[in-house]
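Reader: I am new to this structure. Could we go through it together?

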Amino acid sequence: MKKIFWIIAGFFALGLIITIIWKYTFWFKAPIKVGILHSQTGPLAVNEKRLINAELLAIDEINAQGGIHGRKLQPIIVDGASNEFTFAKEALRLVTKEKVDVIIGCWSSASRKRVKDVVEKYNNLLLYPVIYEGLEESPNIIYFGGTPNQTIIPAITWCFNNIGKRFFLIGTDFLSSRATHKMLELHIAALGGEIVGSHYIKLKDKVLPEDIQNIIALKPDVIVNKLNGDSNISFFEELLRAGITSEQIPTISLRISQADFERFPLKSTIGTYVLFNYAAESLYHFNTLFIKNYKKKYGQQARVGDATQSAYSALHMWAQAYQKSNSAKPQDLIPMLKTIVYQSPSGIIYIAENQHCWQDVILSKLAYNGDLIEIWKSSRNVYPEVYPAYLTKNEWNEFLINLYESWGKRWSAP
Amino acid sequence: MSFGHRFVLYSLLMSSALLVPLYFFIGSFIVHKTEHKLTSIRDQRTQQIGQFLDKYQRAIREVFNQAAVLQAIDALVEQTHRLDSASASTHFTQLVQSYKHILDYKNCVLFDAQGTVIFSDATQYTGLSLQNADFSKTELGVSLQQVLMTLTADIAEFSYDPYLKTPALFITTPLFKNNKLHVIVAIRINEQNLYDITDNYIGLGASGDLTISKRIPEGVLYLNKIRNELLTPFKKFLPLSYSSITKELSPAQRATFGYTGSGNVVDSLNIQSLASWSYVPRMNIGISSKISLQEVLKTFSWYKNGILLLLLTLIIVIFLLLIHYDAPLKTGMHIGFRWVQALFSHENRLRTLLHIVWLISCICISGGIYYGYVLKKHVIIAKKNEMQSQAEEAKKKIEHILYTAELVTQTLSYNIALGRLDEEKLITYIKKYISDNKMVAGISVAYAPYAYKENKKLFGRYVTHTDKGLETFNLDELYDYTQSTITDAHYKIFYLEGLKTKGITWLNPCIEMLSKKFVAACSNDFYYKTGKDLIGVVTVFVDMDFVTKRVEEVMFNSQGTPFLLSEEGVFIYHPNLNYKNNKETIIELAQKTASPELTTLWKEEKNLNGFYSFKNVALEEEKNAYFTPIAQTGWLLGMLFRSTLLQPPLSVMRHYYMHVLFLVFFFIISTLMLWFKVYRFQNRTFITRCFIVSLPLFVCFMMLLAISYHYQIFYGTNKNVINTSLEAQQFVTEKREIATIIKEQVPITIMTGIEVDSLQKTYEKGGIKISGLVWQYYDEITHKDITPGILFPQASQQVELTKQYETKIGTTTIIGWKFFLVLPYAWNERLYPLDINEISIAFEHPDLSKNIILIPDLNAYRNMNPVYLPGLVKNLTVSGFDIKESSFSFKNIQPKTTRGVEDFGQSTWYLALNFDIVVVRTIMNAILIYFLPIFIIMFAIYCFFILNENKQLDSKETLAAYTGLLLTIVFLHRSMREQMITSSVMYIEYFFILTYLTIFILSLHVFLQEAGFNKKKWYRNLASGYKTFFWDVQILVSIIITTFIFY
């Protein structure tokens, strides 16, 4: 009798141990390494730090749900220092030394171009969460930011139809601004408008009073602002100093995040138009949840922007694809990623064949208190067209190569 | 206990332990397998839809890259201004049609870069352009605008096209030439190709369905045909507020809202189903596949029931063996530190175990009773939370709208204050702000005297949407807005009201006379930098349609009445538009609905916020209200609903009481076991033992019957009960809206009343004879083309309809008919004698060519509370039944044919008005006629059994007695069957079967005794056990039967 009793008790104990091991198996599994590659120093740091926050929030949420197949995500954060070559160096380290399964990061197109070479060489994957100029398709990159037809083209068309036909272009002397301006030249010409002038400044430089005077002298109807980072502060300050309000010469900004406005003098930016693929003020359930969690982690004053939510959604989508494919290899994971429909803070998004994201287009105007009022919104998600139809793919690539060569094999002006 | 005994006992224990996971595993295995199958079907169809779209987009590119086609387009573009020149159009049509083997399209439309049609093979589109406001709102127009903005191909929403008057799906593609947008081609695909994918039910069984649906502002619209409801595409619609009986979203809703998943859900017909749902990218629709759970589990239910039966048998056998094997345990316990060891020593193990089991049973029973206490509380809290979150969500949206209006007001004020604007620029700005913000109906800017120009006293401009589009009015020419003598509220709000407080002032909504819109005004006075010198007042008028749409969303399970009140208690929104139009107050509503407590609540309670209850004196019904204030304006968003909405459903309560009863049962069993093994049960007399064991079981059985009777299972149909005119109006308004959405004829209503004076069950045919009076109201204007008449569509015999009277009051004629009809009614007697039946009399209007909804004439009845039996004459009786309640309801009849009328039986077309009478079986009849004889016969059987055991009767005499009793019970059973028509086994019949079984077992026992089995020890033990536990076995079986049927 005793023996039978102990045998039964033994069976029960064994069953209990197996259950515990099965349930908490991730204790014994190696974590999945996620490389977070953004600028923590330099002029772009202010933009990119928010992306790091969003990415860490996404990692926390994924881990709280049990990780991927019981494996936790381990973030490895490195600094790109707002320099394209540092990005390349750090990407190489992440891939070869840290053996990360994925890299999420970059802000400027120059840094992305550098990281692209690394991930393609080592067959790794980059998740790029920022609105960009398009003109690129890589089997090792998933682009979550808007393409030109999801950003500048509708923005300019709206301005042309509603504000005026004379445009002035100002931007940082980057690949992104140059390519965008080229597209605008073609698009505005096709619409029957006119580019009255353009001006480029270096990333670390400020916009000067004489630059603004030159703009005023040319009497544009709209100023298209493609400035990056802190240059925007001087731009808006100088406009205000010159007595130019948005009601006199409206500005449409294509590289400013919703969260950036708090750093600018409010008076100078009232009435500015901005185009995003995300409305931070939206009452969409998944947006309010995202903002609530973001503020809970980073404080009530923390603000989110377009790229912030893209970075957050990118990691969640990648985790779902990993869960489905059970592999980090781009050739296994990307087909799965393309089948996922994700309820992101900006709405329902999904990945197109060209590895870019179908998403909404939202044009907003800055109100007197810093909030954005929605002006125009696409009626549904827009297909990401990488190469605007004005030129062929080869012609666009030729344009990029010429730019690269003219800058001494760099992706930004020396 | 010997090793053999122990081996048998532990084997049985292990087997029964294994049966438990097996029982659950079978179900979950089947469910999991089916879910997997449904998901693969869903994914396969989603993939097919993707391939179908790819194929079309490839085909469009291929066809429109052909040199010949491009040349033909050039020719068309050149002839834009000469559309009458048919040759280019004909050539283009022929050319594109020659590619039909590649591009299977229905229509082709070409637009120029400005959005004007330059070619269309559908004449309805000829001459249209984006300048046409109606066209720009169509899905093709919206898609065209998106293409023009993004220069990217677009798939328009699959929707009803108002020009083609049919559902249409367009793919819109831009074509470029010389670095310029040349034309935009819109191809209407052949939607049959899509339906070939979605209307394929292979692998979905008999009840399965595959639906595609899309989200529209009002709710969810199904795009393909609905297999089980026989609805054609674009005819099934679920309002935004819809939620099933379980408060869960239906699979179609989940899919449409962008969720992906699978599981056990309740579908839109409240049928428990297994479903799989996901979102279809690019088309922005949801896809869901489902199959009824009943169908899935049907084939395996026998296995499940078999396992359960085996498990129960094993438990009983283990219990009997335990008693049989184990000798009375030695008593006495060790003391001191060896207490625990002694407790679990070999001698005391069973004794301790029994005490532990008994303690657990005590804890369980106390826990169960406590759970019951918290259950009700929890359900109420959960329901309140759900309701609150719905209301808060709507409130947030309303506040967002108002906040945006404030932003617009302040931004505009700020900009005007910043620069002195000339008139032209000011109007341009105002127009821009109006077109940028959909919810803004109009904006006015009124300058203070001499603030605009020193030589001009007043300057005010008002821009608003009118029939002519955006129109500008010169306020200063219309009147002097600075004069307080102006009495019209509309003019006051522009200026004087705005000045009352500094900054934003909200004014109560009213009809604005120039735009004729119901608007709320947000006024802001603005000053020069010093903050002292007034410049003027900017007023933004918010279109209240945007706000009321949000209020409508607060429909708790479609059963509450949402409303919006001003600070003074005047209705800004109520589903009954009369309240809003007549500016009625909540106090007037309280008076109309005989709710004095609501009046007191409004008058005495400050800052209403949260839940409140009050009594409707007329209906003698407890009602509840929820209020939440809107921050900016002080308006109150609220909802009125019945208190029953907060109660747990009957089935939950029935299950709860049954669970408690099982705990009681567990407690009794554990007590008895303890008693048998520890406290020397054997020392008692035979009669005492029988009595002590049977009595608690009998009490349990009686309690089970009482629970089953009190919380009866009621197979009522899914219906909308109408007790108040408000509910009727709400229902009709909803149906009218749905009819507009799904493009059906807007329903016409005819008021109808009924009074039933006799109701009789017909045994010979399985039906019911009903007679009474029915009347209808016909208005000279509304019903001028309608011939008076009424149909009883279910009647099995020719309905006798005799006109009794015709009276005219004003423009309304009231016609009354006396009717007699026989309804074929399948009485649900499966639960006899604890059955409830619902008799429904359906009315229809004979004119099928019109979408007519008959609505109940509620004013004709003194009290509409169903328990007061409205619509039935006093003292109406139904033989064998008590009448429980009567009410009016609407049911969707879902006919299987269209009766020759195309739209008949679709979403709103011919919703039958029903008069429902709920009758409950008089249980005393059944007790006297059937239960009492069964009990007496069973007792007689028991007596003969005992006499035979005591050798007072020999075998022959005993068998003769059993045979006599068998004949009696057979006659009784037969006579009952003759009276009932049901084909299934009734609840009461299980007791007949139990009696048959008992007679059979006892007869077999007599036979085996004669055969000499009596000499064997095991047989003697078994017979002795059966004698002791005779009544326990009978009651236990009765408990099991009752639980199985009524759980």
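Author: Two strands pair if DSSP finds at least two bridges between them; strands (E, at least two residues) and helices (H or I, at least four) are DSSP runs, numbered from the N terminus. This is a predicted model, in which local features need pLDDT of at least 70, side-chain atom pairs count only at pLDDT 80 or more, and totals for chains, interfaces and linings use all residues. Residues are numbered from 1 along each chain as its sequence is written, chains are lettered from A and ligands numbered from 1 in the order in which they are written, and side-chain values use heavy atoms, without hydrogens and water.

Reader: In which sense do strand 26 and strand 31 of chain B pair, parallel or antiparallel?

Author: Strand 26 (residues 748-762) and strand 31 of chain B are parallel partners, joined over 5 bridges. Within this pair, M751(B) faces I855(B) of strand 31.

Reader: What is the strand order of the open sheet in chain B?

Author: The order is 28-29-27-26-31, with mixed pairing among the 5 strands. Strand 28 (800-809) and strand 31 (852-856) of chain B are at the edges with a single partner strand each, so one side of each has no neighbour in the sheet.

Reader: Turning to chain A, how many residues of strand 12 are buried?

Author: In strand 12 (residues 347-351) of chain A, 5 of 5 residues are buried, meaning under 20% relative accessible area, where exposed is over 50% and partly exposed in between (1.4 Å probe, protein chains only).

Reader: How many residues lie between strand 11 and strand 12 of chain A?

Author: These two strands of chain A form a hairpin with 2 residues between them. Strand 11 (residues 341-344) pairs with strand 12 of chain A in the antiparallel sense over 4 bridges, and S344(A) is opposite G347(A).
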